[in-house]
Amino acid sequence: MSLDDDTRWLEWVTKQFESIAGDDKEIDLDEFKKALKVKESFFAERFFALFDSDGSSSISLDELLKALDLLIHGSETDKLHFLFQVYDVDGSGSIDPDELRTVLKSCLRESAISLPEEKLDDLTLALFESADKDNSGSITFEELKAELENFPEVMENLTISAANWLKPPDLEQKKGRKTPRYLTRAYWHNNSRKLLFLCMYTLLNLLLFIIAMLKNSHGGPWFMVAKGCGQCLNLNCTFVMVLMLRRCLTWLRATWVVRVLPLDQTILLHQIVGYAILIFSVVHTGAHVMNFVCMSQNDGAYQLWEYLFTIRPGIGWVNGTASITGVVLEVLICIMVVCSSTFVRRSGHFEVFYWSHLSYIWVWALLVVHCSNFWKWFVVPGIVFLIEKLVGIAVSRMGGLYIVEVNLLPSKVTHLVIKRPPFFHFKPGDYVFINIPVIAKYEWHPFTISSAPEQQDMLWLHVRSMGQWTNRMYEYFREPESQAMSNKRLTTSLRNRQHQRRAQEEIFKPTGCNETVASNKDCAVELTLYRTSGTFTSYQNPVGDPVAHEELGDASPVTRELSAKLSENHRYCNIKCYVDGPFGTPTRQIFASEHAVLIGAGIGITPFASILQSIMCRYRMRKQNCPNCNYSWCETIKDNEMKLRKVDFIWINRDQKSFEWFVSLLTKLEMDQADEEPEGRFLEMHMYMTSALSKNDMKAIGLQMALDLLAKKEKRDSITGLRTRTQPGRPDWAKVFQKVSEEKKGKVHVFYCGSPALAKAIKAQCEHFGFNFYKEHF
């Protein structure tokens with residue numbers, strides 16, 4: 001820190017200490033824990049003991065400042081010595097295996113990572129054996145220092161980590177003010193289609209407003225404003241419907257129009273037009289009210305309330321109902337806009353948005369009665385909209401769709417397996433609207449298809465329980481089988497189960513594995529992993545399969561535990577449902593990309609599950625095998641179907657359990673790439689767990705070192721079971737995109753699905769590097 005920052009930090013720490021210490025000017029252990037916000041008391045107690053230099057069981061301000069000064073301004077050796085003292089629980093001057101195990105166990109709890117006791121022992125031994133250079137049975141300070149030197153990123157961040165939890169937030173603020181993002185050249189370049197479209201939209205509204213005002217100049221200024229806004233409302237109340245013609249927009253995505261119009265921004269444009277309707281309607285209503293005030297004062301024929309709430313003045317082309325219909329329209333529009341707000345939709349009240357939005361039918365009907373010219377604007381788009389709805393009803397009622405399997409996954413995610421009709425064709429990343437009558441007879445909700453188009457028999461949906469309908473569905477399938485499923489369906493379910501097992505074992509047979517899996521030990525372990533511990537039914541091992549027990553050998557208790565868990569959360573059924581779609585999304589652009597970066601946050605992985613499966617299916621078609629040996633490779637050729645040369649998949653999850661959703665699929669994808677490619681791996685996966693403490697946190701240094709060492713030894717990540725190492729904390733997007741840029745695999749397209757807040761940060765970085773950004777939303 002600079003001298004000024006140092007002074008401010010000192011003042012901040014002193015102020016914080018005084019607020020915590022109280023009248024006695026001392027901090028005890030409980031106050032210290034509260035100040036550090038440490039979950040696991042082990043670290044708080046160790047830090048407290050080291051800070052309490054006089055052993056008085058309390059820390060004074062001088063003791064605190066002295067310890068923090070050492071951690072921030074001390075030498076590298078001083079900081080390492082502090083870390084060593086944290087690990088040396090008994091103060092013997094060396095760290096034995098039991099002490100190291102205690103520390104790593106606390107690290108796991110602090111990072112919200114749950115591992116079996118056997119795995120904790122493996123982590124402890126991996127780190128201990130690596131650090132104990134002389135095999136003396138204990139780790140000295142010099143040995144710990146030598147081990148840390150093998151992890152340069154830890155040494156780099158040790159200064160930051162030492163007092164990271166006692167750093168004032170204002171020190172993190174950037175000193176200089178940068179140019180606002182919306183004024184940068186990169187922003188205008190990457191959003192050119194959207195900005196050009198908005199300019200044209202604004203100019204068209206302005207032109208209509210001026211023309212309408214000039215035509216009605218005889219009525220006075222308030223009348224002119226009202227008519228100008230009314231003409232703009234004719235346009236916007238029609239255009240807001242055009243932006244929701246999903247089938248037409250899906251068809252347009254396959255044409256050259258997608259390169260000219262911002263079809264990927266239709267939801268945003270729909271929201272903009274919705275707010276424009278609200279503004280124009282408020283001004284339109286206000287101007288008419290002011291005009292009625294003037295009329296009531298000038299001629300006195302009618303009172304103001306008569307102009308507003310009766311048909312006596314005869315205003316309007318249908319029995320003088322313009323004023324009454326206008327008031328009702330204003331109320332409906334305000335309700336629709338408020339109920340469409342983010343805080344309503346994201347707070348678990350999607351049904352409020354859903355049902356209030358259906359009032360658009362009444363709005364259009366009242367607009368036809370309210371305005372004599374609106375029908376001219378509405379007739380053509382209205383007919384197209386009606387045809388789309390009729391087609392949607394017809395499509396959804398054809399095929400006799402049934403939910404045949406259900407998996408209840410961690411974090412209240414419901415995995416639905418739907419029998420796919422033969423006429424149902426979709427692209428990777430598409431979404432559908434689904435209606436399940438036993439949950440809600442008239443409600444339709446949109447979800448991304450998580451299965452690949454190449455999987456002919458089944459359709460997968462993964463639904464996160466976040467609102468009333470999704471929670472009702474989860475609870476319905478969580479009920480005992482006797483309540484949710486009738487005995488009449490057991491024979492059908494058993495027949496479906498046997499058919500799916502035979503078909504899916506053939507479809508998803510791992511590359512490089514022959515029929516006798518046990519002939520290749522490594523392949524057998526990987527196959528068993530994704531068959532027993534997976535999320536998707538296609539990879540799951542049926543309960544009681546003796547082959548899995550033989551393949552895992554000593555690990556058969558793990559298999560039994562996983563099988564028991566599977567039987568509890570997985571069931572076969574035969575529940576009627578209706579599906580409307582599919583509808584296209586921005587991810588359809590992925591196969592026209594050269595270097596694609598797929599970023600999923602939490603359940604936002606669902607569109608990429610479909611995409612990754614489809615990509616790897618096409619990738620396998622390119623794969624070549626040597627007839628004389630076992631060597632295989634993938635030809636890096638471009639074709640009309642797929643121009644991709646590289647795919648980076650980034651998955652960010654809050655906790656460990658969330659990885660269970662799709663770990664089976666990811667294991668399969670890794671197995672497809674078991675062979676090294678001449679130009680590097682075609683698909684690279686990057687996993688991030690935000691609840692885990694990052695490598696720049698002193699409380700997690702030992703754990704991350706142990707996880708790295710064990711992953712290299714076992715060639716498998718301890719958290720997910722994948723070959724890809726799970727990274728703690730959040731991605732540094734600047735570094736991530738810098739690496740992508742340096743690979744020079746062609747034009748980079750970034751596809752994102754997840755929270756809007758993270759989307760802004762990623763989009764800003766994409767603009768900085770000149771990458772095209774696509775956000776999945778519908």
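Two residues are in contact when heavy atoms of theirs lie within 4.5 Å. The views below show a predicted model, in which local features need pLDDT of at least 70 and side-chain atom pairs count only at pLDDT 80 or more, while totals for chains, interfaces and linings use all residues. Residues are numbered from 1 along each chain as its sequence is written, and side-chain values use heavy atoms, with hydrogens and water left out.

**View 1. D648 and the residues that it touches.** D648 is placed in strand β11, residues 646-653, where strands are DSSP runs of E with at least two residues, numbered from the N terminus. With a relative accessible area of 3%, D648 is buried, a word used under 20%, whereas exposed means over 50% and partly exposed in between, with a 1.4 Å probe and protein chains only. Leaving aside residues up to four places away in sequence, D648 touches H595, A596, V597, L598, E684, H686, V740 and E743.

**View 2. The aromatic pair of F433 and F583.** The structure holds 24 aromatic pairs, counted when rings of Phe, Tyr and Trp (its six-membered ring) have centres within 6.5 Å, with planes under 30 degrees apart called stacked, over 60 edge-to-face and the rest tilted. Because the ring centres of F433 and F583 are 5.9 Å apart and their planes stand at 75°, this pair is edge-to-face. F433 lies in strand β3 (residues 431-435) and F583 in strand β7 (residues 578-583), so the pair ties together parts that are 150 residues apart in sequence. Both F433 and F583 are buried.

**View 3. A cluster of aromatic rings.** Here Y360, W364, F374, F378 and F385 are linked into a cluster by ring pairs.

Technical notes
Helix = DSSP H or I, 4+ residues; strand = E, 2+ residues; numbered from the N terminus.
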